[in-house]
Amino acid sequence: MDGAVRRLDLDDLPACQRLAVSRDWGAEDRKWRLLFEVGNVYGLDDPDGDGLLGTVVSTPYGPDVAAISMVLTAPRHERRGIAGNLMRYAMEHAGTASLCLTATEYGRPVYERLGFRSVGHCVTYTGVMPDLLGPANNSSAPAEPDDISDVVALDNEVFGAKRAALMRQMPSFCDEFRVIRNVGGALEGFGGRWRNGPQTMMGPVIAQDEKTATTLLDDLAVNELSRLDIDTRHPEIITWAEKRGLRAAFTTTVMEYGAPIANDLGRLYLPVAQALG
């Protein structure tokens with residue numbers, strides 16, 4: 001199995017998307033391209049030449065943490081151990097002290113058998129926010145190039161691993177990326193939103209407190225189909241979403257493997273995407 005798995009590149013993007021669509025995940029072009037940019041995308045070819053049997057992505061953040069995602073198996077090849085084998089390959093080649101992922105109910109038993117443990121839950125809210133959201137606070141400002149070093153430093157402090165390559169992508173990757181500084185000039189939070197197919201993804205949002213987080217969300221909100229992946233430890237963000245007409249769509253399980261991840265969940269309000277931890 002080890003020799004059969006290969007590192008994929010952008011030439012394999014159409015095959016990855018066909019596999020994702022076959023699993024009702026959508027093509028998610030922007031997310032896949034970001035994952036190819038910052039992560040290691042692995043796949044197993046169908047020996048009959050009919051696309052990919054499966055995929056897995058490992059996105060390493062220095063020596064500390066790797067985020068595992070896009071664990072997909074072709075429907076016609078289910079229950080043959082493909083997902084487990086791809087996961088073991090990614091785990092063996094991650095080179096980090098910890099691994100993290102967000103599991104659906106369908107996938108969670110596979111990860112538990114591999115030694116992952118549940119550490120939390122995430123509820124996904126979706127819906128179209130109203131035209132009249134009220135006036136924006138305008139307490140945040142569009143991120144400038146000089147802000148990015150502070151964004152990287154705050155993210156490293158809160159997430160518990162060095163995600164500099166990912167964070168430096170945010171101003172160009174996001175449709176809007178904003179920061180809040182206090183009167184002394186210190187960075188108190190940052191947030192972004194980006195388009196993923198037909199919906200707007202709200203995130204990342206990292207902030208010193210609830211008020212800063214919701215201020216960023218107020219300034220980022222748009223009258224479009226939107227999605228927030230909210231850790232259930234942040235009921236204030238759930239309240240924010242529900243007041244704007246969003247409703248819970250599904251719940252997933254946050255899981256870890258290896259050393260406990262030294263993150264500060266109290267300030268980690270929304271991820272870039274579940275695929276990136």
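User: What's the handedness of the crossing of H8 and H9?

Analyst: The crossing of H8 and H9 is right-handed, a term used if the near helix is turned clockwise from the far one by less than a right angle. This is a predicted model, in which local features need pLDDT of at least 70 and side-chain atom pairs count only at pLDDT 80 or more, while totals for chains, interfaces and linings use all residues. Residues are numbered from 1 along each chain as its sequence is written, and side-chain values use heavy atoms, with hydrogens and water left out.

User: At what angle do H8 and H9 pack?

Analyst: Helix H8 (residues 210-220) and helix H9 (residues 235-243) pack at about 30°, and their axes are 10 Å apart. That makes the two helices roughly parallel, which is the word for angles under 35 degrees. Helices here are DSSP runs of H or I with at least four residues, and strands are runs of E with at least two.

User: Which residues in H8 and H9 meet?

Analyst: From H8 there are Glu210, Ala213, Thr214, Leu217 and Asp218, and these meet Glu236, Ile237 and Trp240 in H9, where contact means heavy atoms within 4.5 Å.

User: New topic: is Val222 buried or exposed?

Analyst: Val222 is buried, with a relative accessible area of 14%, since buried means under 20% and exposed over 50%, with partly exposed in between (1.4 Å probe, protein chains only).

User: And where is Val222 found?

Analyst: Val222 lies in the loop between H8 and strand S11 (225-231).

User: Which residues of H3 are buried?

Analyst: The buried residues of H3 are Ile82, Ala83, Gly84, Leu86, Met87, Tyr89, Ala90 and Met91.

Terms used
Axes fitted to C-alpha atoms, helices over the stretch in contact; angles between N-to-C directions. Parallel < 35°, antiparallel > 145°, perpendicular 65-115°, else oblique.
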